[in-house]
There are 2 protein chains.
Amino acid sequence: MSTADSFSATYQLVASSRDEAERTAANLCIEQSVEMPLDAVPDHVRNSIATLNSLNQIEECIWAANVSYSKLLVDDDRTQFLNVLFGNSSIQQNVKLIDVENSYLNEILPGPSFGISGIRKGLNVNDRPLSCTALKPVGLSPSDLAERAYQFSRGGIDIIKDDHGLANQGSASFYSRVASCVRAVKKGEDISGKRTLYFPNITCSPSKVIERYKTAHDLGADGVVISPQLSGLEILSELAEIGEIPLMAHPAFSGSFVIHSNQGISAAFYYGKLWRSFGADAVIYPNAGGRFSFTIDECKDINNSCRSEIGVFNRSFPTPGGGINRDSVNQWMNQYGNDTIFLIGGSLYQHPGGIEAATKEFQQKLKNYE
Amino acid sequence: MSTADSFSATYQLVASSRDEAERTAANLCIEQSVEMPLDAVPDHVRNSIATLNSLNQIEECIWAANVSYSKLLVDDDRTQFLNVLFGNSSIQQNVKLIDVENSYLNEILPGPSFGISGIRKGLNVNDRPLSCTALKPVGLSPSDLAERAYQFSRGGIDIIKDDHGLANQGSASFYSRVASCVRAVKKGEDISGKRTLYFPNITCSPSKVIERYKTAHDLGADGVVISPQLSGLEILSELAEIGEIPLMAHPAFSGSFVIHSNQGISAAFYYGKLWRSFGADAVIYPNAGGRFSFTIDECKDINNSCRSEIGVFNRSFPTPGGGINRDSVNQWMNQYGNDTIFLIGGSLYQHPGGIEAATKEFQQKLKNYE
């Protein structure tokens with residue numbers, strides 16, 4: 001296959017010898033392409049068979065296999081792209097997807113429509129990290145939620161996102177919640193004198209997501225939250241192509257792919273590169289040091305994937321959440337730097353002075369970082 | 001919460017002491033419901049907080065936690081149901097979802113429209129396991145694929161499914177492939193004198209699946225293949241509610257959820273119960289003894305979940321694939337019994353006498369089992 005007709009992906013394999021690694025890699029090539037015994041593949045379609053470009057030992061028992069796929073296997077179908085990358089291999093114990101060739105990502109995926117610069121432009125903030133909080137808990141009415149949004153906005157927060165558990169429950173239907181919160185945020189902006197963006201959660205059945213996105217935009221929302229692993233990654237790319245407002249991706253239901261060292265998909269690739277390529281303008285991921293299990297280095301790798309060059313794609317805003325509170329945010333700013341959205345929920349609600357005071361303190365810490 | 005207002009789910013937790021298990025369970029209850037410090041949850045919405053019903057030690061370091069969720073958290077939203085069950089918990093190392101209360105599954109999900117009895121009725125075969133093969137490889141033209149389908153049909157196979165890698169590639173567009181294969185199967189039926197069902201693969205972007213399902217039905221397909229983890233589980237339930245033709249679910253991209261012993265989702269629950277509840281009439285899963293890692297007991301647990309009573313739901317056909325060939329099928333029939341679809345791909349294509357002869361042998365083995 002010439003490189004114009006193929007794209008490459010890299011997998012981490014576990015194998016105790018080069019022989020075993022070669023067998024595993026050969027099986028992977030078959031599993032992810034023709035999925036049948038090679039002697040039964042007709043001669044005229046043998047270019048459908050994936051091939052091994054290289055196999056390098058990384059450390060004891062760990063190998064990196066670079067595999068070449070014919071583009072004809074995918075043919076511009078983004079869901080089929082995921083299937084070719086990791087369909088049946090997801091069922092195998094010792095295979096982990098770690099990268100895909102940038103030029104092919106550019107070829108079949110849209111990347112972020114807004115990215116870091118687009119979100120910054122919406123806020124007119126260029127030289128410091130951004131603040132973000134989550135509107136919660138589920139169960140509150142639209143007016144209760146709007147009151148909280150109002151207080152955050154008065155405090156001058158940059159972004160208010162819905163909790164990913166706010167759907168279309170009777171307690172706060174999507175339409176009513178978004179309408180109320182948009183109004184409340186605007187009212188707060190008049191007092192704070194600065195912009196606050198509101199991102200409602202549109203995660204729902206794949207067949208209804210686009211409608212909910214358009215409703216959010218019509219009601220004046222500044223962006224949306226979506227959990228790609230619940231509503232479908234290809235939906236994310238379709239929203240990015242509509243491109244009316246920014247997309248903040250949430251990791252709900254995605255964890256089993258990314259938290260195993262020898263299986264699944266590399267977190268840096270999955271959150272930082274794949275979601276970004278599918279169109280996430282901001283990528284929420286489970287931060288180190290809190291309730292989840294990533295190390296700081298793994299989080300920095302995700303940040304790096306969000307921000308580093310992938311050909312023509314805009315950069316995505318890494319958005320660590322979980323494990324950050326009012327007191328620790330300075331430390332995390334030093335770790336992660338300027339182009340980061342810091343998502344703090346719980347500890348703002350717990351502030352003895354209330355939400356507005358908590359937000360002002362949070363905001364001041366970010367300003368000090370300029 | 002009264003049981004009418006709540007539903008329960010069971011999780012397996014890893015913890016070295018009862019104290020640790022209790023902390024893990026308490027955190028799980030918060031994480032999957034309000035996701036904020038309990039002291040910050042307003043009094044009037046405290047019924048949003050999930051509660052622990054029971055915590056039992058199963059074996060050393062392994063605990064079963066039964067958790068009660070308010071139905072208001074979900075409110076008939078099936079994607080939000082998945083989020084409540086395993087959204088953020090998917091990111092945690094020591095939590096595995098293992099069951100949900102049957103009556104609630106009945107309440108919010110449709111179950112299979114056809115199930116075992118419906119698929120049997122389409123074939124008029126009641127007393128033996130069913131045969132199934134996969135049309136492949138990707139890269140063949142519609143007429144090449146149709147020729148293969150014709151040979152399988154002449155041989156009298158029960159079900160021909162598309163390989164899950166056949167999408168809408170230029171080599172064999174969806175429309176042209178389905179039209180050609182439907183005609184070829186009918187021609188083969190005239191020779192075999194028996195019914196053969198053809199199930200094309202409709203997996204694609206969530207926003208296009210329903211259209212592709214309707215096209216398949218209009219063209220005369222007898223069922224469809226869909227990979228729920230690629231196109232979205234809620235889409236599966238929407239197709240089940242349309243209910244024109246049976247749904248065969250394929251495990252592509254689902255493996256990372258089900259192959260870890262202490263994390264993810266139990267395979268028996270996920271494939272056998274959750275996919276069935278969302279509407280899968282037949283459930284393909286990776287069989288023991290082949291390229292994948294389940295044990296025979298785990299496969300029997302999946303079979304059992306597909307077939308045992310879940311209130312009003314039809315039963316689903318367990319469809320083991322991978323690790324079954326012409327020679328071993330007798331052994332697997334003895335293991336798995338009558339209400340099973342045996343999916344054999346590769347070894348039929350490798351038969352020295354050709355596809356038709358291979359199919360006749362396969363079919364004879366199933367008939368001997370009556």
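**Contacts, core and helix packing**

Reader: What makes residues contacts of A:L236?
Author: Two residues are in contact if their C-beta atoms, placed from the backbone, lie within 7 Å. Leaving aside neighbours within four places in sequence, A:L236 is in contact with A:I226, A:P228, A:L247, A:A249, A:F278, A:G279 and A:A280. This is a predicted model: local features need pLDDT of at least 70, side-chain atom pairs count only at pLDDT 80 or more, and totals for chains, interfaces and linings use all residues. Residues are numbered from 1 along each chain as its sequence is written, with chains lettered from A and ligands numbered from 1 in the order in which they are written.

Reader: Which residues touch the most other members of the largest nonpolar core?
Author: They are A:A149, A:V224, A:L236, B:A149, B:V224 and B:L236, in a core of 236 residues.

Reader: How many residues of chain A are in contact with chain B?
Author: 73 residues of chain A are in contact with 73 residues of chain B. On the chain A side, α2(A) gives the most, with 6 residues.

Reader: What makes the crossing of α5(B) and α15(B) right-handed or left-handed?
Author: A crossing is right-handed if the near helix is turned clockwise from the far one by less than a right angle, and left-handed if anticlockwise. The two helices pack at an angle of about 35 degrees, with their axes 7 Å apart, and the crossing of α5(B) past α15(B) is right-handed. B:R148, B:Q151, B:F152 and B:R154 of α5(B) make the contact with B:I355, B:E356 and B:T359 of α15(B).

How values were computed:
Helix = DSSP H or I, 4+ residues; strand = E, 2+ residues; numbered from the N terminus. Core = buried A, V, L, I, M, F, W, Y, C linked by C-beta atoms within 7 Å. Buried ≥ 20, exposed ≤ 12 C-beta atoms within 10 Å, placed from the backbone. Axes fitted to C-alpha atoms, helices over the stretch in contact; angles between N-to-C directions.
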